[in-house]
Amino acid sequence: MPQKPTACEFCFQPKNPICWSQRLDAWTCLTCHLTQRTAMPEYTDSKEPKFYVPPGRYILCVTEYAVKYRQTGKTAGSQEFEVKMEIEGQGCAINEYFILHSSTIWRVEAFIRAAGIVLKKGQGWSFIKNEGLDKGWQWTDLIGLRVHAQLIQDPQPNGRIYNKVSVYYSDKGFLPKRVMAEQAESAENAPSEEDIPF
Ligand SMILES: [Zn+2]
């Protein structure tokens, strides 16, 4: 990669990402727009990014999630988990939105069952560690959960194609959780009984 300039030769802006924007072959000063060409782009043998797969059955694995609250519509105020799942072996991922609202909870529960998690009817549960600890809620750690799922394609008005889950299968066998690097590290520090998600 090209070397970062030390400072702008014209306005002397310091060399940091706030003052400079980086291209493959140049840095541009955001104050005076002086562009310092550094080198030709180096060949990196990059592959065309893949954004979706053909419809079919795949294994999904949760790699990231973010907790939000719905702002609008009939689900406003409900907790929402924006979940990123790797489509295993395909080099791409899918975003799923689990909304904890009475009208959408069936989808979340279908996912939970597909992941092989057994909850009793009426049992409290949470995706957030320590939430409901005093009430005896079961914590389900999303990270590393794996499911069999049917994917379909969802073409957008802008021409992009996304995948969407049409079915979470709970009759195709269950898959062991994937142990993430972070989890493997903390496992070395001997977690206490109640830290172990089921
Ligand atoms: Zn400058």
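These legends describe close-up views of a predicted model. Local features need pLDDT of at least 70, side-chain atom pairs count only at pLDDT 80 or more, and totals for chains, interfaces and linings use all residues. Residues are numbered from 1 along each chain as its sequence is written.

**View A. An open sheet of 3 strands has the order β1-β2-β3.** Its pairing is antiparallel. Strands pair if DSSP finds at least two bridges between them. Strands (E, at least two residues) and helices (H or I, at least four) are DSSP runs, numbered from the N terminus. β1 (20-22) and β3 (35-37) are the edges; each has a single partner strand, so one side of each lacks a neighbour in the sheet. The twist averages 20° from one strand to the next, with axes fitted to C-alpha atoms and angles running from 0 to 180 degrees between N-to-C directions.

**View B. β1 meets β2 (residues 26-29).** The two run antiparallel, joined by 3 bridges. Ser21 stands opposite Thr28 in β2.

**View C. β5 and β6 form a hairpin.** They are antiparallel and joined by 8 bridges. Glu82 stands opposite Tyr97 in β6. The hairpin has 4 residues between the strands, and Gly89 takes a positive phi near 80°.

**View D. The largest nonpolar core has 20 residues.** Such a core is a set of buried Ala, Val, Leu, Ile, Met, Phe, Trp, Tyr and Cys residues joined through C-beta atoms within 7 Å; buried means 20 or more other C-beta atoms within 10 Å of the residue's own, with C-beta atoms placed from the backbone. Leu60, Phe111 and Ala114 are among those with the most contacts inside it. α1 gives the largest share, 4 residues.

Definitions and conventions. A residue is buried if 20 or more other C-beta atoms lie within 10 Å of its own, exposed if 12 or fewer, and partly exposed in between; C-beta atoms are placed from the backbone.
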